[in-house]
Amino acid sequence: MSTSLRNSTLALATAGLLVGGIALALFWAPEDADQGFSQKIFYVHVPIALTAYACFGFGAWKALRLLWTAEARYDLESYTAIHMGVIFGLLTLVTGSIWAKISWGHWWTWGERQLVLFLILFLFYSAYFMLRYSIEPGPRRERNSAVYALFGVALIPVSFLAVRIAGTILHPTIFTHEGANLPGKMLLAFCICLAGVLALAATLYRVELAGKRVDASLRELRELLA
Amino acid sequence: MTGYAADVAALARKDLLLELRSRDTLPAMLLFVVSALVVFHFALPADSSTHAETGLLWIAIVFTALLGLTRAFAAEREQGLLDGLVLAPCDRSAIWLGKTIGVTAFLVLAELVALPAFALFFHAIGWELVAAVALADVGIAAIGTLLAAMAAASRARELLLPLLFLPLAIPVVIGGVGASVATNPASFLGFLGLYDAVFAILSWASFEYVVTE
Amino acid sequence: MTTAEKYVTAAYLVLLGAVLVYLVIIALKVARLEEEVSDLIRLARERRGG
């Protein structure tokens, strides 16, 4: 399959999964007994959060490949993946904040562990961009960015643990959302939404990567001509 | 293994001797932490809890560490010595370990003054807090040394190091404050140990990628 | 629309809005790349000798 065909197929799959998933979530899945209609935010918020984690993990994997093989393309791929992760992380915080507002009346609550964890990760990965922009392009920047990306992936479970034990003493986790026990219809709608958001991230990733590669190629062409 | 250990010892000793002669980083850290504690006294309203005071102690420690870390590679940078160090026939990770030991030593020395000052200004401290501080020092030094080396490569290094350091310092603060105030400090101390292990190993392994040209 | 429905709609709109903003950014990028390419074609023609 050529690249453009693969990209088109991915984009179409994204459209189908996402539209289908949202339709299922809003019209077909039953309403939650405790939270009512506001629980429906879960169908976008959690897939977006999981997708952000996936992006950071993928970015760290590409970073590892860079350190192993020193091939420059992994730097661009790692950078793009982390860029995606930050975008989806921001969306997680925004949708999570909306959910918090409708659930408990506050736009922010330190008791919501997922949100706090994402805030820490958002700060960490925002600093990634500060790091990149303050070093001259070259192998030095590539390696430093890659090491930092790996630290991020180590930070995820450590912060998760930290926020969890912080809840026992510092900021009591008195608010929790529905756990993993989902009745059949809800689970199916959720899975399709998850697949849709992951496909969306993959599509955007490929588009952005292609754009960056064209940028780099044109720059090289300009240097050859000038 | 003896060669590696000897390299580490030599590097650590070099940093400590340098500091002994120039005496610029440690006195600044000591003065900074005591000043910070005084500022905290005025920042806390009269009816603040002892918990709030303990929390602020941890902030003081984190920022004093940042101050010390900004200077961690300063000597090498100013004299252009980092390239020389990297060319030296030792494992790059030995540079990291030597530096980290040096930074830890500085932190411990600063805390030898900070903790009694805190006990004097605010309230008595228990063994859990001291243990937590000791564990936190290792983690802070490990992460901080690596990040300082990263920031040294950049243009805006004084700005960059705090940005890189603070998100990673959050779990340390959680563990430290938790250990200091919780009725059961064991889980927090265990967590700090885990943080130290994970990030020390990661920093040790990845240091050579950060400093190589 | 109940309050809950409003907030749920807002959350879904955030996702839609983000994708559309991305689309705009990509469109601007394509425009910029087009300009760059035509500029480079001009340079190449000059190099060839007009």
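With 14 C-beta neighbours inside 10 Å, Ala70(A) counts as partly exposed, a class that lies between buried (20 or more other C-beta atoms within 10 Å of the residue's own) and exposed (12 or fewer), where C-beta atoms are placed from the backbone. Ala70(A) belongs to the loop between H2 and H3 of chain A, and its phi is near 60°, a positive value in a residue other than glycine. The model described here is predicted, so that local features need a pLDDT of at least 70 and side-chain atom pairs count only at pLDDT 80 or more, whereas totals for chains, interfaces and linings use all residues. Residues are numbered from 1 along each chain as its sequence is written, and chains are lettered from A and ligands numbered from 1 in the order in which they are written.

Confidence is reported for the complex and for individual chains. The predictor gives the complex an ipTM of 0.87 and a pTM of 0.89. In terms of pLDDT, which is the predictor's confidence in each residue on a scale from 0 to 100, chain A has a mean of 88, with 93% of its residues at 70 or more, and chain C averages 89, with 98% of the residues scoring at least 70. Within chain A, confidence is lowest in helix H1 (residues 3-28), at a mean of 87, and highest in helix H2 (residues 42-69), at 94. Where pLDDT is low, the predicted coordinates should not be read in detail.

Chain A contains six helices and zero strands, and from the N terminus on its elements run α-α-α-α-α-α; here helices (H or I, at least four residues) and strands (E, at least two) are DSSP runs, numbered from the N terminus. The C-alpha trace of chain A spans about 65 × 45 × 25 Å along its principal axes, and 43% of the 226 residues of the chain count as buried. Two residues are taken to be in contact if their C-beta atoms, placed from the backbone, lie within 7 Å. Among the contacts in chain A between residues at least 6 apart in sequence, 79% join residues at least 24 apart.

Asp75(A) is placed in helix H3 (residues 73-104) of chain A, and this residue is buried, because 24 other C-beta atoms lie within 10 Å. When its neighbours within four places in sequence are left aside, Asp75(A) is in contact with Leu66(A), Glu142(A) and Ser145(A). The C-alpha atoms of Asp75(A) and His106(A), 31 residues apart along the chain, are separated by 40 Å.

Of the two pairs of chains in contact, chains A and B share the most contacts. In this pair, 26 residues of chain A are in contact with 29 residues of chain B. Helix H4 (113-133) and helix H5 (139-169) of chain A each supply at least two residues of the side of chain A that touches chain B, and H5(A) gives the most, with 16 residues. By class, this side of chain A has 21 nonpolar, three polar and two charged residues, where Ala, Val, Leu, Ile, Met, Phe, Trp, Tyr, Cys and Pro count as nonpolar, Asp, Glu, Lys and Arg as charged, and the others, Gly among them, as polar. Between chains C and A, 22 residues of chain C are in contact with 23 residues of chain A, and the residues on the side of chain C that touches chain A divide into 16 nonpolar, two polar and four charged. No contact joins chain B and chain C, whose closest C-alpha atoms lie 26 Å apart.

Two packed helices are described by the angle between their axes and the distance between the axes. Axes are lines fitted to C-alpha atoms, for helices over the stretch in contact, and angles run from 0 to 180 degrees between N-to-C directions. In chain B, helix H3 (residues 50-70) and helix H7 (residues 127-152) pack at an angle of about 35°, with their axes 10 Å apart. In this contact, Ile61(B), Ala65(B) and Leu69(B) in H3(B) meet Val133(B), Ile140(B), Gly144(B) and Ala148(B) in H7(B), and by class the contact has six nonpolar, one polar and no charged residues.
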